Amino acid sequence: MLTKSNYHTFMEKTAIISRLETVFAELTQFLENMSDEQFSTPTTEGKWSPGQHAMHLLLSTTPITRAMQLPPSALAERFGTRGSHQERDEAHLVKDYLAVLSTGVKAPPKFSPEAVTAAQKPELVANLRQEATQLAATIAHWQESDLSNCVIPHPAMGVLTVREMLMFVVYHTGHHLGGMRD
């Protein structure tokens with residue numbers, strides 16, 4: 001299980017890939033081991049069900065994979081480069097994200113899932129596995145320097161380097177998995 005004690009200060013792409021594969025494997029195994037009722041029922045009134053958390057993770061990870069499938073030069077042309085943006089290590093990125101969450105920010109509608117039924121579980125789990133595999137393969141083709149030079153906008157955190165965005169995907173996935181476990 002991923003814990004705060006095994007965060008890396010500055011993740012190189014091999015560490016990002018490893019952590020990404022680990023957290024998505026934990027997520028999909030957790031979802032598969034749930035009963036259909038657990039999967040589709042929110043544990044608290046007004047909160048998402050585990051199925052909705054899983055759909056949110058798929059909806060929020062897929063655009064990152066698609067953006068990274070562009071050549072770094074095309075991504076830089078579309079969103080720009082780091083410029084004077086100070087790239088954060090994982091600890092600072094997580095701290096900043098938790099500060100944003102504390103303001104009450106919610107996922108934008110395009111990342112907020114409708115109800116997810118138990119019948120959708122097998123396909124959703126398969127899609128999460130496929131997305132993690134595609135993202136890991138895409139990361140492997142990038143140069144370390146491009147991960148720190150290219151940027152992608154995050155709806156709540158502003159502009160992030162691709163490396164920061166990937167560290168965010170790892171943390172965000174683990175954050176939602178932790179919430180489902182609780």
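Student: What pattern does the chain follow when read along the sequence?

Tutor: This is a predicted model. The chain has eight helices and two strands. Read along the sequence, the order of these elements is α-α-α-α-α-α-α-β-β-α.

Student: What radius of gyration does the chain have, and what would a compact globule have?

Tutor: The C-alpha atoms fill a box of roughly 50 × 35 × 35 Å along the principal axes. For 182 residues, a compact globule would have a radius of gyration near 16 Å. The chain agrees with this, at 16 Å.

Student: How many Å does helix 6 reach from its first C-alpha to its last?

Tutor: Helix 6 covers residues 121-140, which is 20 residues. At 1.5 Å a residue, 28 Å is expected. The value for helix 6 is close to that: 29 Å.

Student: Why do the buried residues of helix 6 line one face of the helix?

Tutor: An α-helix has 3.6 residues a turn, so residues three or four places apart point the same way. In helix 6 the buried residues include L124, L128, L135 and I139. Seen down the axis, the buried residues of helix 6 line one face because they fall within an arc of 165 degrees.

Student: Which helices do the buried residues of helix 6 pack against?

Tutor: Among the buried residues of helix 6 are V125, A132 and A136. The partners of the buried residues are helix 1 (13-32), helix 2 (36-40), helix 3 (50-68) and helix 8 (162-181).

Notes. Residues numbered from 1 in each chain as written. Predicted model: local features only at pLDDT ≥ 70, side-chain atom pairs only at ≥ 80, totals over all residues. Heavy atoms only, no water. Helix = DSSP H or I, 4+ residues; strand = E, 2+ residues; numbered from the N terminus. Expected span 1.5 Å × (residues − 1). Buried < 20%, exposed > 50% of the residue type's maximum accessible area, 1.4 Å probe, protein only. Arc of directions from axis to C-beta. Contact = heavy atoms within 4.5 Å. Rg over C-alpha atoms; globule rule 2.2 N^0.38 Å.
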